[in-house]
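Colleague: I am new to this structure and would like to learn how to read it one feature at a time. Could you take me through it, giving the general idea before the particular case?

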Amino acid sequence: MSSGNIALLEQTLARAKAENRAALVGYLPAGFPTVDGGIAACTALLESGCDIVEVGLPHSDPVMDGPVIQTADTIALQGGVRIADVIRTVREAHAATGKPVLIMTYWNPVDRYGAERFAEELAAAGGAGCILPDLPVEESDGWRKAAERAGLATVFVVAPSSRDARLARITEAGSGFVYAASLMGVTGTRESVGAEARELVSRVRSGADLPVCVGLGVSTPAQAAEVATFADGVIVGSAFVKRLLAADDLQSGLADVRELATALAESVRR
């Protein structure tokens, strides 16, 4: 049985806390703009200040994702991205940097692939865990057992609409960290990421001692700095994807995401 890197994830979050700052978590879909380009981009984020990276498994109907990530997913799917490519992205980004890399995926592809096999291959690649935004905690036993055996974190997503009893159940079942969606709706860049997220983090914390990372809508260094005042981690995705989409070629896209990662890393340390 391979052993994944949940311990590395936990140590990384603990180290950020010891440094009195939030961790910076970046997100990019695998296979975008190409498989090799995606590997280079994920590695660039980790080299430029991200503590952790989430590699998205592209999905044809990404219910939680806004138009920016949907566009990137479509490009990846049209390029023929496969689960093996997603695992390879994790392997190479982790090997290049020694930092924790997770997969963010809807449940259906994992279910079809086989939870045991998926967990085993992700662990063998050095992965730290899985974020599963649409897996109901009530139906998660099989996956959680496979993940635990493989040394992987199971990260659940909570939203401001989640009731307290449900939050407690989710945080008890999860491991690694809790992904707090800052608002109702889909991913994307937002004007403000404020009160709802702050309140959600304190509600999650009252029921668990897992770190809480906030995502959905954080795109600027100012927003990251704000979220860093109350969350254990700040998750940024669409803003990185947007820069790669807007770039004329891969090299300038990589330079743009490096620049943003560096600025965000400084802001979570303020």
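Colleague: Let me start with a single side chain: is Arg-144 buried, partly exposed or exposed, and what is its relative accessibility?

Modeller: Please keep in mind throughout that this is a predicted model. Burial is read from relative accessible area, with under 20% counted as buried and over 50% as exposed. Arg-144 has 22% relative accessibility, so it counts as partly exposed, and Asp-141, at 40%, is likewise classed as partly exposed. These two residues form a salt bridge whose closest N and O atoms are 2.6 Å apart.

Colleague: Where do Arg-144 and Asp-141 lie, and how many residues apart are they?

Modeller: The general idea comes from helix geometry: an α-helix has 3.6 residues a turn, so residues three or four places apart point the same way. In this case both Arg-144 and Asp-141 belong to helix 7, with a spacing of three residues, about one turn of the helix.

Colleague: How many salt bridges does a search of the whole structure find?

Modeller: The search finds 13. One of them joins Glu-47 to Arg-258, with 2.9 Å between the closest N and O atoms. Because Glu-47 is in helix 2 and Arg-258 in helix 12, this pair ties together parts that are 211 residues apart in sequence. Glu-47 is partly exposed at a relative accessible area of 47%, and Arg-258 is partly exposed at 33%.

A further salt bridge is formed by Arg-149 and Glu-116, whose closest N and O atoms are 2.2 Å apart. Here Arg-149 lies in helix 7 and Glu-116 in helix 6, so the parts tied together are 33 residues apart in sequence.

Colleague: How many residues make up the largest nonpolar core, and which have the most contacts inside it?

Modeller: In soluble globular proteins, nonpolar side chains tend to be buried together. In this model the largest nonpolar core has 102 residues, and those with the most contacts inside it include Ile-103, Phe-118, Trp-143 and Phe-240. Helix 2 gives the most to this core, contributing seven residues. Phe-118, apart from its neighbours within four places in sequence, is in contact with residues including Leu-57, Ile-103, Cys-130 and Trp-143.

Colleague: Which residues of helix 11 are buried?

Modeller: They are Ser-238, Ala-239, Phe-240, Val-241 and Leu-244. These buried residues pack against strand 1, helix 2, helix 3, strand 9 and helix 12.

Methods. Residues numbered from 1 in each chain as written. Predicted model: local features only at pLDDT ≥ 70, side-chain atom pairs only at ≥ 80, totals over all residues. Heavy atoms only, no water. Core = buried A, V, L, I, M, F, W, Y, C linked by side-chain atoms within 4.5 Å. Buried < 20%, exposed > 50% of the residue type's maximum accessible area, 1.4 Å probe, protein only. Helix = DSSP H or I, 4+ residues; strand = E, 2+ residues; numbered from the N terminus. Contact = heavy atoms within 4.5 Å. Salt bridge = Lys/Arg side-chain N within 4 Å of Asp/Glu carboxyl O.
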